[in-house]
Amino acid sequence: KITLIENFLNKEIFDNKIYNDRFYGNFLSYLNKKEKEKVFFLFQSSNILKIKKHISILNKYNLNYITIFDFLNFFDYLFAIINSFKKKKFDTKRIVLNNINLEYLFNDLYQKTFNDINSFSSNLQFLFFKNLKKKTDDSKFYRIIDWYENQSTDKGFNFGLNKFFPKTQSIGYQPFAVDFDFYSHLISTKTERTNNITPNKIALMGQKIKIYLSKKFKLPSKKIILAPSLRYKSIFDKKKLIYKIKKTKYILLALPISYQDSSDILRVVQNYLKKFKKNNYKFFINFHPMLDIKKLRNNYKFIDKNIEIIQGSFNEIQSRFDCIISNSSSICFEALALSKPVLVVQNSKGITQNPISMVKKDTWEFIKNENDLQKAFIRLLIKKKKQSFINNSKFIKKKYFFEINRKNIIKFLGLS
């Protein structure tokens, strides 16, 4: 028997022709040889032109894996294309929220998206499990783990899994530190659960997150389990934190994938540097790999003059910084867990995504402009005692994350 784990062949996990699992980290290092033999990855990819190259790199590593393409043929792709263009009939008059008829909005969105790439991919997921069933059965799996974002692809994945492998336990892994009020689509609805397009269990990474989602979105607690925070290994490192008193504070602008959010962060900092020319802060930028950084540099010329751009994951660089400025990014949560103050910049043209809104506003601040930024620096970097950040860090690690250790990993994989 094996545990099958969905994973992805994305460009960013093959930097410098080296495979670096940014989804599940290095959890395999916690397993012994026999346990590793029971773990297989199911790799997916949306970049057909790079698959061969990525597979050649992957083969250099001692990994057990299959790809979704191993179980699909020409007729499956043809079926997926044809089925994606078939329109469905819905009783849209019943779509009402707070006595507001959403019929027009639903129909408009459906007309624009019913035959997009997500619909095509969702069909392929279903066909994968249909074809896999011809090769094996439920008895061969401990469990199957879906990287679960409750998108169309996930719905096809879980519909196929539940239909063709009904006795296999399915787990939807959600190790997300996000603003769930904004990303409410991550949480399955009662209708979705009734129609069998969701996993048997949802694996979250923190007790507080479990309680919040159970209350706010009425997600049945019996469908929720806790799973290790595999993407956040650095916050559980046992190294003793050493804080040096520095005259110049290092500030990291962690620019998220959203161009608008990143632009708002840079606008605030640009105005700050113009107004408060004498300061003891040095600014750095680290950006999401999918962000159009070239466009930002063209629009904000001060970047090349005043800010140093650094590469690497947050895990690798975080120890250098005294404060993080961001929004919409899981880095905000991670920074608080590492005893670092966080400043969340308001979106100037839309809804602000605040991933740490669930956390008591003690070691973080919400800012709109350069004056707010100056006040936040004074409160959090000058007046606030470091012990407050350490105490808050311990609470966050305990309540909002789930420790990465052998016991928790074995249980998550269903190998115990």
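Mentor: In this predicted model, Phe27 is in contact with Ile5, Val39, Phe41, Leu230, Ile409 and Leu413, leaving aside its neighbours within four places in sequence.

Trainee: Which residues have the most contacts inside the largest nonpolar core?

Mentor: Phe27, Phe401 and Leu413 have the most contacts inside that core, which holds 72 residues. Helix α13 (residues 331-337) gives the most to this core, contributing six residues. Another core, of 30 residues, lies apart from it and includes Ile251, Val269, Tyr300 and Ile307.

Trainee: Why is Tyr24 called buried?

Mentor: Its relative accessible area is 1%, and buried means under 20%; Tyr24 is therefore buried. Phe41, with a relative accessible area of 2%, is buried as well.

Trainee: What makes the pair of Tyr24 and Phe41 tilted?

Mentor: The ring centres are 6.3 Å apart, and the limit for a pair is 6.5 Å, so the rings form a pair. Their planes stand at 45°, whereas stacked requires under 30 degrees and edge-to-face over 60; the pair is therefore tilted. Tyr24 lies in the loop between β1 (2-8) and α1 (33-36) and Phe41 in strand β2 (residues 39-44), so the pair ties together parts that are 17 residues apart in sequence. The structure holds 39 aromatic pairs.

Trainee: Why is the pair of Tyr232 and Phe401 called edge-to-face?

Mentor: The angle between the planes is 70°, and edge-to-face applies over 60 degrees, so the term holds. The centres of Tyr232 and Phe401 are 5.3 Å apart. Tyr232 is in the loop between β9 (224-226) and β10 (249-255), Phe401 in the loop between α15 (386-400) and α16 (406-413), and the pair links these distant parts of the chain, 169 residues apart. Both residues are buried.

Trainee: Where does the charged end of Lys361 sit?

Mentor: The charged end of Lys361 sits over the ring of Trp364, 5.6 Å from its centre; the distance limit is 6 Å. Arg320 lies over the face of Phe284, at 5.3 Å from the ring centre.

Trainee: Which residues are the closest to the centre of the second largest pocket?

Mentor: Phe90, Phe106, Ser152, Lys155 and Glu192 are the closest, out of 36 lining residues. The pocket holds about 1,700 Å³ of space. Helix α5 gives the largest share of the lining, five residues.

Definitions and conventions
Residues are numbered from 1 along each chain as its sequence is written. This is a predicted model: local features need pLDDT of at least 70, side-chain atom pairs count only at pLDDT 80 or more; totals for chains, interfaces and linings use all residues. Side-chain values use heavy atoms; hydrogens and water are left out. A nonpolar core is a set of buried Ala, Val, Leu, Ile, Met, Phe, Trp, Tyr and Cys residues joined through side-chain atoms within 4.5 Å. Buried means under 20% relative accessible area, exposed over 50%, partly exposed in between (1.4 Å probe, protein chains only). Helices (H or I, at least four residues) and strands (E, at least two) are DSSP runs, numbered from the N terminus. Contact means heavy atoms within 4.5 Å. Rings of Phe, Tyr and Trp (its six-membered ring) pair if their centres lie within 6.5 Å; planes under 30 degrees apart count as stacked, over 60 as edge-to-face and the rest as tilted. A charge sits over a ring if NZ of Lys or CZ of Arg is within 6 Å of the ring centre and within 35 degrees of the ring normal. On a 1 Å grid over the protein atoms alone, a cavity is a set of points where a 1.4 Å probe fits but cannot get out, and a pocket is an open set with protein on both sides within 12 Å along at least five of seven lines; lining residues have an atom within 4 Å of a point. Grid points are joined across faces, edges and corners, and a volume is the space filled by probe spheres set on the points.
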